[in-house]
Amino acid sequence: MQLMNYINGNFCPQTSGKWITNLNPATGEEICKVPISNSKDVKEAINSAKNAYPNWSKYTPHERAIWLDKIADKLEEMFEEIAQLESMDTGKPISLSRNVDANRSVANFRFFSELIRGMEIEEFEMKDATNYVIQKPNGIGALITPWNLPLYLLSWKVAPAIGMGNTVVCKPSELTPMTADLLMRAVDEIGLPAGVINLVHGNGIETGSLLVEDSDIDFVSFTGGTVTGSKVASSAASTFKKLSLELGGKNSSIVFADCDFEKTIAGVVRSGFLNQGQICLCGSRIFIEEEIYEDFKNRLINAVEEMKIGDPLDEETDLGALISKEHLSKIEYYANLAIEEGGTLLTGGVPCLPKAFENGNWMAPIIVEGLSPESRCSKEEIFGPMVTLHIFKEESELIKMVNNTRYGLAGSIWTKDLDKGRRLSESIETGMIWINTWLHRDLRVPFGGVKDSGVGREGGKWSLGFFSEAMNVCVKHE
Ligand code: NAD
């Protein structure tokens, strides 16, 4: 199977003749060939978005919301196919693909449809004049997404972007292109006006960078690694493109002695290892108050060892495969580094699985203790099934350790003392904190990070703000 780009309402072959082989992470089998789109393909996609823009940007928000609903309806029909493709492409458990990926992809379109329908024009009265603020589209957008939540994150960008009247070119991760292709099939089937959504496949160095640097691109919404984000920011800067960067994380789970022990174990396990720890929000450094450290550690190890690792398509599976051989090597590198840095591996390693999975990328969840909070393993983003445990006694010392990383995306605090939880939240350098929960998402709230975890916010009205330009009109009274 060879994937095609989607440009101006047509599935078109790429022109470079170069391909990437997309492998099933669980088995190592080939899924499809992914085109590496070149400058001609990218330019065609951008021109298609440019041609569609004048008409699409004149639609009323209500008319565009109707299209978002149509996309949501079509994706809902394709719900099971989304889940199956996502599991095959990413190696994640099918239960997760259904409950998180497929669900959220539909929900994103519905949510933004409703939000856009309810938009109101803001007015500011002066004694002798009225100001009103209109939100105009930005223009032509590049939407670039990573492999860990493929359609979930792509739909999170596409829905508000086109909902606000922009036209776009999408560039999904070359490692997980299948549900982006499905989204193009969906928009094709419902007859969305040609050119509103275009898609070019390819890698970052060739296709992605061509897209970002093109002078006809007005804005870039990028989700991915911090190093890539910095390259995207440099390339976008020379032409003053509007930019949203959702980047890496090294998030803390903070466990106080007064927490609800059982709920906290479940929450910290989920936060550490959901999607094999490959979620930017995962809590990969766990700070535990001294008096419960040993008990908590032992229960955590038991809970993690009880998780079922294996066939992503089995409903009972808790943990699937890692995205690629390269990513597996990265996790192995950090596991070895943890030992070099003085840590002890309490559990984890290569699991024993049936023969069908011998060429897949597998790693059972790793828990490390005894590392200094200064160690690389405790501060760098690993983005896999590996967490480090740390003991704390005092809140002041805890805050220093938690903030001692270049990242600032998310975190969770586990305590029955909600005042303490709220107070501590404010001292943490991060974009999001959950208290006694994790990844509990309300789509209306701001999403994004500080420090090296990103620039800007998406989510709810923040997405509408990013995907539009606010223009003020001041009318002097008679
Ligand atoms: P990545 O940075 O390697 O790639 C992300 C996307 O950027 C891919 O589509 C890739 O092809 C493209 N790309 C690569 N180089 C490019 C360039 N020079 N110009 C333009 N595009 C380029 O990231 P990844 O490995 O796919 O994803 C994992 C990372 O994403 C982790 O760091 C994770 O924390 C982060 N992430 C962040 C969030 C968030 O919301 N903050 C969400 C999910 C993942």
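Visitor: How does the lining of the second largest cavity divide into nonpolar, polar and charged residues?

Guide: That lining has seven nonpolar, eight polar and three charged residues. Ala, Val, Leu, Ile, Met, Phe, Trp, Tyr, Cys and Pro count as nonpolar, Asp, Glu, Lys and Arg as charged, and the others, Gly among them, as polar. Please note that this is a predicted model, in which local features need pLDDT of at least 70 and side-chain atom pairs count only at pLDDT 80 or more, while totals for chains, interfaces and linings use all residues. Residues are numbered from 1 along each chain as its sequence is written, and side-chain values use heavy atoms, with hydrogens and water left out.

Visitor: How much space lies in the second largest cavity?

Guide: The second largest cavity holds about 90 Å³ of space. On a 1 Å grid over the protein atoms alone, a cavity is a set of points where a 1.4 Å probe fits but cannot get out; a pocket is an open set with protein on both sides within 12 Å along at least five of seven lines; and lining residues have an atom within 4 Å of a point. Points are joined across faces, edges and corners, and a volume is the space filled by probe spheres set on them.

Visitor: And which residues lie nearest the centre of that cavity?

Guide: They are K250, S252, V402, A410 and I428, out of 18 lining residues. Two or more residues of this lining come from each of β12 (251-255), α13 (395-403), β17 (407-408) and β18 (411-414). Such helices (H or I, at least four residues) and strands (E, at least two) are DSSP runs, numbered from the N terminus. β12 gives the most, with three residues.

Visitor: How many cavities of 30 Å³ or more does the structure hold?

Guide: The structure holds four of them. The volume of the largest cavity is about 200 Å³. Its lining has 17 residues, and L149, Y152, L153, C280 and F447 are the closest to the centre. The elements α4 (94-117) and α5 (150-163) give two or more residues to this lining, and α5 gives the most, with three.

Visitor: What classes of residue line the largest cavity?

Guide: Twelve nonpolar, two polar and three charged residues line the largest cavity. At least three residues come from domain 1 (5-247 + 453-476), and at least three from domain 2 (251-442). The domain bounds come from an automatic or database domain assignment.

Visitor: Changing topic: where does the second largest pocket lie?

Guide: The second largest pocket lies between domain 1 and domain 2, because both give residues to its lining. About 430 Å³ of space lies in this pocket. Among its 21 lining residues, L96, V100, R270, L274 and L439 are the closest to the centre. Two or more residues come from each of α4 and α9 (261-273), and the largest share, six residues, comes from α4. By class, the lining has twelve nonpolar, five polar and four charged residues.

Visitor: What about the ligand: how many residues surround it?

Guide: The ligand is surrounded by 30 residues, and the closest are K171, E174, T228, L247 and E381.

Visitor: Why does the ligand lie between the two domains?

Guide: Domain 1 and domain 2 both give residues to the shell, so the ligand lies between them. α7 (204-213), β10 (219-223) and α8 (226-237) each supply at least two shell residues, and α7 gives the most, with four.

Visitor: Which residue has a backbone N or O atom 2.7 Å from a nitrogen atom of the ligand?

Guide: That residue is L247.

Key
Near = heavy atom within 4 Å. Polar contact = N/O pair within 3.5 Å; in protein donor to acceptor, adjacent residues only side chain to side chain.
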